[in-house]
Amino acid sequence: MAASVLLGASSDTNTGHNFGNNAHNNGLGPAGLAPWNRSLDRALDEAAASGSLNLSGRKLKEFPRSNNHDLTDTTRADLSRNRLSDLPLEVCLFVSLESLNLYQNCLRSLPESLINLQALTYLNLSRNSLSVLPVVLCSLPLKVLIACNNKLVSLPEELGQLRQLTELDVSCNEIQTLPSQVGRLEALRDLNIRRNHLVTLPQGKHRALEVTWT
């Protein structure tokens with residue numbers, strides 16, 4: 001079985017999904033009856049009913065505080081295209097969360113409380129300011145991990161623990177070497193490492209790597 005490896009220069013891959021309302025606002029602001037407040041309240045209502053939280057494109061700097069919405073059963077959360085500097089701790093309490101989109105925020109680090117998300121299979125961290133990926137990520141049941149367009153200089157050696165991982169995108173970073181454990185990811189089918197500072201690739205023990213230079 002072979003994995004597809006993409007190397008070399010390429011244009012940025014836009015992996016964010018903007019399903020939200022791009023209303024003109026600056027975060028949550030004071031309480032009131034402004035249209036964007038009503039829109040936010042509707043989004044929380046829908047999330048509580050459907051299990052799918054969509055707060056994309058709202059320029060949020062923090063997670064909305066609400067005592068009227070129970071979001072603990074959320075399975076999908078789209079917080080892309082906001083201004084979050086930290087992953088809201090509230091999100092780390094969504095123990096049923098399967099998909100988390102944090103595309104295009106201002107994240108510089110991720111909390112250890114991510115360990116709570118033991119149902120998470122899809123994580124999009126692209127277009128942030130992350131310099132490292134925490135080891136705790138490697139304890140999640142991830143199938144897709146997208147971390148392109150950050151400031152990563154390396155990847156954790158524990159990455160080899162992601163036995164279910166089928167797609168890994170760390171393109172457009174500053175990575176110089178890949179941990180040898182990447183070669184042990186038997187389920188991996190799509191490895192995107194374009195636009196880094198790599199010279200060599202780890203060899204897989206159980207499959208051959210197809211390397212494409214573009």
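Which residues of the largest nonpolar core touch the most other members? Some notes on that and a few other features follow; keep in mind that this is a predicted model.

1. **The core.** The largest nonpolar core has 50 residues, and the ones that touch the most other members are Leu 53, Leu 100, Leu 123, Leu 125 and Leu 133. Helix H1, residues 35-50, gives the most to this core, with four residues. As background, nonpolar side chains in soluble globular proteins tend to be buried together.

2. **Leu 133 and its surroundings.** Setting aside neighbours within four places in sequence, Leu 133 is in contact with Leu 125, Leu 145, Ala 147, Leu 152, Leu 155 and Pro 156. Leu 125 in that set is also among the residues that touch the most other core members.

3. **Overall layout.** The protein chain comes to one helix and nine strands. Reading from the N terminus, the order is β-α-β-β-β-β-β-β-β-β. Of the 214 residues, 48% are buried. Among contacts with a separation of 6 or more, 38% are between residues 24 or more positions apart. The accessible surface of the chain is about 10,500 Å², and carbon and sulfur atoms account for 49% of that.

4. **The salt bridge.** How many salt bridges does a search of the whole structure find? The count is one, and it joins the side chains of Glu 90 and Arg 65, at 3.2 Å from N to O. The two residues are 25 apart and link distant parts of the chain: Arg 65 sits in the loop between strands S2 (52-54) and S3 (76-78), while Glu 90 sits in the loop between S3 and S4 (99-101). Arg 65 is exposed, with a relative accessible area of 57%. Glu 90 comes out at 25%, so Glu 90 counts as partly exposed.

5. **The aromatic pair.** There is one aromatic pair in the whole structure. Why is the pair of Phe 63 and Phe 94 called edge-to-face? The ring planes are at 65 degrees, with the centres 6.3 Å apart, and that angle makes the pair edge-to-face because planes over 60 degrees apart fall in that class. Phe 63 is in the loop between S2 and S3 and Phe 94 in the loop between S3 and S4, so the pair ties together parts that are 31 residues apart in sequence. Phe 63 is buried at 7% relative accessible area, and Phe 94 is buried too, at 4%.

6. **Cysteines.** Don't go looking for disulfides here: the structure holds zero. Cys 172 is in no disulfide, and the nearest cysteine sulfur, belonging to Cys 148, is 6.3 Å away. That pair is not a disulfide because the sulfur atoms would have to be within 2.5 Å. Cys 172 counts as buried, at 11% relative accessibility. Cys 92 is buried as well, with a relative accessible area of 1%.

7. **Positive phi.** Most residues other than glycine have a negative phi. Cys 172, in the loop between S7 and S8, has a positive phi near 60 degrees. Arg 127 is not a glycine either, and its phi is positive at about 55 degrees. The setting of Arg 127 is the loop between strands S5 (122-124) and S6 (144-146), where Arg 127 is partly exposed with a relative accessible area of 34%.

8. **Ser 171.** Is Ser 171 buried or exposed? At 2% relative accessibility, Ser 171 counts as buried. Ser 171 belongs to the loop between strand S7 (167-169) and strand S8 (190-192). Not counting residues up to four places away in sequence, Ser 171 touches Cys 148, Asn 149, Asn 192, Ile 193, Arg 194 and Asn 196. The C-alpha atoms of Ser 171 and Ile 193 are 4.4 Å apart, although 22 residues separate the two along the chain.

9. **Ser 52.** This serine is in strand S2 and is partly exposed, at 33% relative accessible area. Beyond neighbours within four places in sequence, Ser 52 is in contact with Glu 46, Ala 47 and Arg 76.

Definitions and conventions: Residues numbered from 1 in each chain as written. Predicted model: local features only at pLDDT ≥ 70, side-chain atom pairs only at ≥ 80, totals over all residues. Heavy atoms only, no water. Salt bridge = Lys/Arg side-chain N within 4 Å of Asp/Glu carboxyl O. Buried < 20%, exposed > 50% of the residue type's maximum accessible area, 1.4 Å probe, protein only. Phe/Tyr/Trp six-rings, centres within 6.5 Å; stacked < 30°, edge-to-face > 60°. Core = buried A, V, L, I, M, F, W, Y, C linked by side-chain atoms within 4.5 Å. Contact = heavy atoms within 4.5 Å. Areas by Shrake-Rupley, 256 points an atom, 1.4 Å probe, with all protein chains shown as cover.
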